[in-house]
Amino acid sequence: MLEITFAKPVLPEGGVLVVPVGEGLELSGLAMALDEALGGGLKRALEAAGFKGKAGSSATLLAPGSYKRVLALGAGKPGEARGAETLGGAVSAALGKEEAVSVLADGVNAEEAAALALGLRLRAYRFDKYRTTLKDDEKPKLAKVAVLTSAPKEAAAAYERLSAVAKGVELTRDLVTEPANVLFPAEFAERCEKLKKLGVKVEVMGQTELDELGFGTLLAVSQGSAHEPKMVVMQWLGDPAHEDKKAKKPVAPIALIGKGVCFDSGGISIKPAAGMEDMKWDMAGAGAVTGAMAALAGRKARVDVVGLIGLVENMPSGTATRPGDVVKSYSGQTVEILNTDAEGRLVLADVLHYANTRFAPRLMVDLATLTGAIIVGLGHEYAGLFANDDELAAKLALAGEAVGEKLWRMPLVKKGQSYDKELNSPIADVKNIGGGRAGGSITAAQFLQRFVGETKWAHLDIAGVAWAGKDSATAPKGATGFGVRLLDEFVKGFEG
């Protein structure tokens, strides 16, 4: 467990030291004091290495004076978006094999010092649960980081909130990384129940309850699997109205809904074998909602939020749904299922309508690894944003920009118009795919819109950003935890 502390800006006597240096190589504060203590050795080393202070650059001084190692990291230009956070990630990436590190942060304010610590922690994430043959030199050793700042108390207070968010991101990454033979619907639901320790109300419904409710589209996805489906309802009652201990129900909550297909084989419309192993993370939307609920509860957000996730496996078998089957959704609408690999929208259809009718939320946001088409359109830089309300879309986009989880708004039309017409079925109320490959992510969103009524709603297609094939500034390759920080930042705008 990585321990991050904040201390007064006093040069340590030895150990490993990180010195952030901006463009222009102007040293001040502790960095200047260090250079003086080394007889000008820091500046000479930077000049010899051709170090310019650009973000992402570094220069190492081995065994300078009483120090084991001094690492200069480029801090870039002042005011760069999330510069401190990125710098923290660079510290973690460069010094993961050291046991203890001190970081000079006397040149930034308390909020930036806390952001540096957040970036460092997020980048230090590892999932080594199933690795039993790692050699000692392959294991991360970094256990203690001291951030030396002129406002240690204020930085520690700021980091306390960020630490709760980091825990939510880590939880999401853990869930998304787990193999499907471990994280099937019942196990996922059991992990959600652990949020009760944070004050979250957790309710789990299984096959019997979902059948009684009439969750026809969700159950159509799960019926080919040996694993029973689950729906988890998580409630965080943080609105100040609850402080009188009388109000026990959510007050016009924000509803977060996640697609939780714990493994997606495609069902009868089976996927190609190549790359199918990636479908263990087809539950990343549900993972993000779970992590966000943990983050909000962990920092005691002063707003009511409900999180609902539909958990299923989509498997081929003698009991699986066939292409051409017609089922009745919880909303009462009938759906012709032409492709069983367009399953996520079937799960979300029932959960969205249930969230809307039970909680009457002020708005709903769903997250789902819904379509490969969104990756074709946006690659791995942006998630697709679809919304029936301009203000909601703008707030989500701003929240994403603030935390580096970027959204790009895509078209969404009213029922009966253009894209939506493609979903008209000749024998049912709606079919689950459009007329062809064109605009696949759009027609998927149009399908979902038929189950949200007049409530303000946004759909985030995170298929291209839930998993990364390479390291980024604050995440090692693998599960990114995308959505947790975005949702946390978004919800902040509604707190009382």
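A crossing of two helices is called left-handed if the near helix is turned anticlockwise from the far one by less than a right angle, and right-handed if it is turned clockwise. Helices (H or I, at least four residues) and strands (E, at least two) are DSSP runs, numbered from the N terminus. This is a predicted model, in which local features need pLDDT of at least 70 and side-chain atom pairs count only at pLDDT 80 or more, while totals for chains, interfaces and linings use all residues. Residues are numbered from 1 along each chain as its sequence is written, and side-chain values use heavy atoms, with hydrogens and water left out.

We can begin with the sheet. Strands of a sheet pair through backbone hydrogen bonds, either parallel or antiparallel. Here, eight strands form an open sheet in the order β7-β8-β10-β9-β13-β17-β14-β15, and their pairing is mixed; two strands count as paired if DSSP finds at least two bridges between them. At the edges lie β7 (201-205) and β15 (407-409), each of which pairs on one side only. From one strand to the next, the twist averages 20 degrees. Within this sheet, β9 (residues 254-264) and β10 (residues 304-314) pair in the parallel sense over ten bridges, and Asp-264 has Asn-314 in β10 as its bridge partner.

Helix α15 (residues 484-492) lies across β9, β10, β13, β15 and β17 (457-461), running at about 170 degrees to β13.

Helices also meet one another. The axes of α10 (residues 344-359) and α14 (residues 440-449) come within 9 Å and cross at roughly 25 degrees, and α10 and α14 are therefore roughly parallel to each other (angles under 35 degrees count as roughly parallel, over 145 as roughly antiparallel, 65 to 115 as roughly perpendicular and the rest as oblique). The crossing of these two helices, α10 and α14, is right-handed. Arg-345, Leu-346, Leu-348, Ala-349 and Leu-352 of α10 are in contact with Ala-444, Phe-447 and Leu-448 of α14.

By comparison, α12 (residues 390-403) and α15 have axes that come within 8 Å and cross at roughly 120 degrees, and α12 and α15 are therefore oblique to each other.

Terms used
Axes fitted to C-alpha atoms, helices over the stretch in contact; angles between N-to-C directions. Contact = heavy atoms within 4.5 Å.
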